[in-house]
Amino acid sequence: MTGYSRRTFVRNTAATVGVALAPPVLGEGVAVAVGAAGEEGVAETGALRVGPSDARYQGLASGVNLRWVGTPDHVRVVGSTDQVVQAVQEAVDRGQRIAVRSGGHCYEDFVTHADVRVVIDMSGMTGVFYDRERQAFAVEPGALLGTVYRSLYKGWGVTIPGGTCPTVGAGGHIAGGGYGPLSRLHGLTVDHLYAVEVVVVDADGNARKVVATREASDPNRDLWWAHTGAGGGNFGVITRYWLRSPNATGTDPSAMLPQPPAELLVSDISWSWSGMTEQSFTRLLKNFSRWHEKNSGADSVYAGLFSHLKPQHRSAGAFSMSTQIDASLPGAEGLLDDFLTAVNAGTGLTYQVNDRKKVPWLYAVTQWSGWVGGATARWKAKSAYLRRAFPDAQLKAFYRHMTRTDYDNPGGIVVLAGFGGRVNSVGASETAVPQRDSIIKMLYVSLWANPDEDAKHLQWIREFYRDVYGATGGVPRPDGVNDGCFINYVDADMADPSINDSGVPWHQLYFKDGYRRLQRVKGKWDPRGIFTHSMAIRNP
């Protein structure tokens, strides 16, 4: 791959698509998150009411995914729980449909839907602090992940095992079961969720705040459980999370959450499509999945290694794999080399080393180009969990659609994210995330800039996805190989019978048998169905 460089690759692909081609990936909170800039002093001045005549309206009515722009009567930018209660009560009294946003990365139109009349914008609630009374860290929903990481780490040397996009809001990320590079070591974000404060509406239409904890004696515990993976927009407005690891003891804040590695060894490599055959491409993906099948135990020496393999449409010219490993592990350099060798083995390919160095953890999680990418204009995404190495039929479908000559978008990408480890040490019913024996989580995504091309890109990703899962009805029906979908990479196609004609209901793909329990929680805490969207939990 002489003469090929990461800089050339990024420049060329960005020029083709018109935007940077880093997808919004890795555990992003998306269920009801559409972003807007925060307003300083919101708590002191009262909730802002921004209507169509306000110059700020357009920016507050649209999100990162410009496939949709909302038309609410107004946006309420809130700064406290009491302001949320007031905003919700006013909307309920007026019969106005409510949506909520935090960081800005909703994959569907949940916030921008035409029926939404009031958007409650949480970007004024950004607090991150240690609550001595609850002996847990409080995180408000408008706090972006980059802010959360910096605050927890600089203040107490701790973190949560969340995603790599620093502009994602905590509000949607945590409630959907967010994950990230430390999840193989420490589990999902919700595995550390101690309590949640939620503004709910009772059967009489009265808005009030409720705190629910994981304590077995808490009468509100079912509401806490529902927020450990059901996604946002279902039961009320989340106004605060409290985070404390289940095994934490004592009163020292620095022992209440995981401590990240002080330093990481990071790697970014890429393969050229030039000269790549179907055999070499499918062998590469098979190797990656086989390695994770063998090395995803919680006690594995490789639990501290996390990797993204990002096959990209052939028109991009190349695709990459980003990896990190705890630099303090004995023989970390050798472990990384062995991993890279295993992934490339038998392909006959030579990869280009774009980056390899040791960096502080905080730099890697907020700045390293292997994870952090630019904004995108329009996208469509789908997801799937993988329980064991790819079957050959799925790999053939990957190659077929990644090399189609009737489609030439470099923004056609699948992110294969290493999973398992500590994630799989939690029981399937202990949280609302039932996928607890998978080895890889996948994000299928097509990114583009021109609205005139929407139909073309939607067709490609739908045909691609349906072909990969042709043996299970066109969806990743839970079986020995697949394990459904991830709610934070929400895909409204799964609830559209004209697209998902597999006979497998969308909620089975996301929640499996836990959906009935979620419905009972919905009936108790949102009996009037105030909080809804196209893939919301339905009242029983």
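Helices (H or I, at least four residues) and strands (E, at least two) are DSSP runs, numbered from the N terminus. The structure described here is a predicted model, in which local features need pLDDT of at least 70 and side-chain atom pairs count only at pLDDT 80 or more, while totals for chains, interfaces and linings use all residues. Residues are numbered from 1 along each chain as its sequence is written, and side-chain values use heavy atoms, with hydrogens and water left out.

The protein chain contains 15 helices and 16 strands. Along the principal axes, the C-alpha atoms fill a box of roughly 65 × 55 × 45 Å. Of the 540 residues, 63% are buried (under 20% relative accessible area, with a 1.4 Å probe and protein chains only). Among contacts (heavy atoms within 4.5 Å) between residues at least 6 apart in sequence, 75% join residues at least 24 apart.

Strand E2 (residues 74–77) has two pairing partners, described here in turn. Strand E1 (residues 48–50) runs antiparallel to E2 and is joined to it by three bridges, with Val-50 facing Val-75 as bridge partner. Strand E4 (residues 118–121) pairs with E2 in the parallel sense over four bridges, and here Asp-121 is the bridge partner of Val-77. Pairing requires at least two DSSP bridges between the strands. Within E2, His-74 and Arg-76 point one way and Val-75 and Val-77 the other, yet all are buried.

Asp-131 belongs to strand E5 (residues 128–131). This residue is buried but has no salt bridge, the nearest side chain of opposite charge being Arg-134 at 4.3 Å; a salt bridge needs a side-chain nitrogen of Lys or Arg within 4 Å of a carboxyl oxygen of Asp or Glu. Instead, the Asp-131 side chain reaches the backbone nitrogen of Glu-133 at 3.0 Å. Leaving aside residues up to four places away in sequence, Asp-131 touches Ala-136 and Trp-242.

Finally, helix H12 (residues 392–402) has buried residues including Leu-395, Phe-398 and Tyr-399. The buried residues of H12 pack against elements that include helix H9 (278–294) and strand E14 (378–386).

Conventions:
Buried < 20%, exposed > 50% of the residue type's maximum accessible area, 1.4 Å probe, protein only. Lys, Arg positive; Asp, Glu negative; His and termini not counted. Polar contact = N/O pair within 3.5 Å; in protein donor to acceptor, adjacent residues only side chain to side chain.
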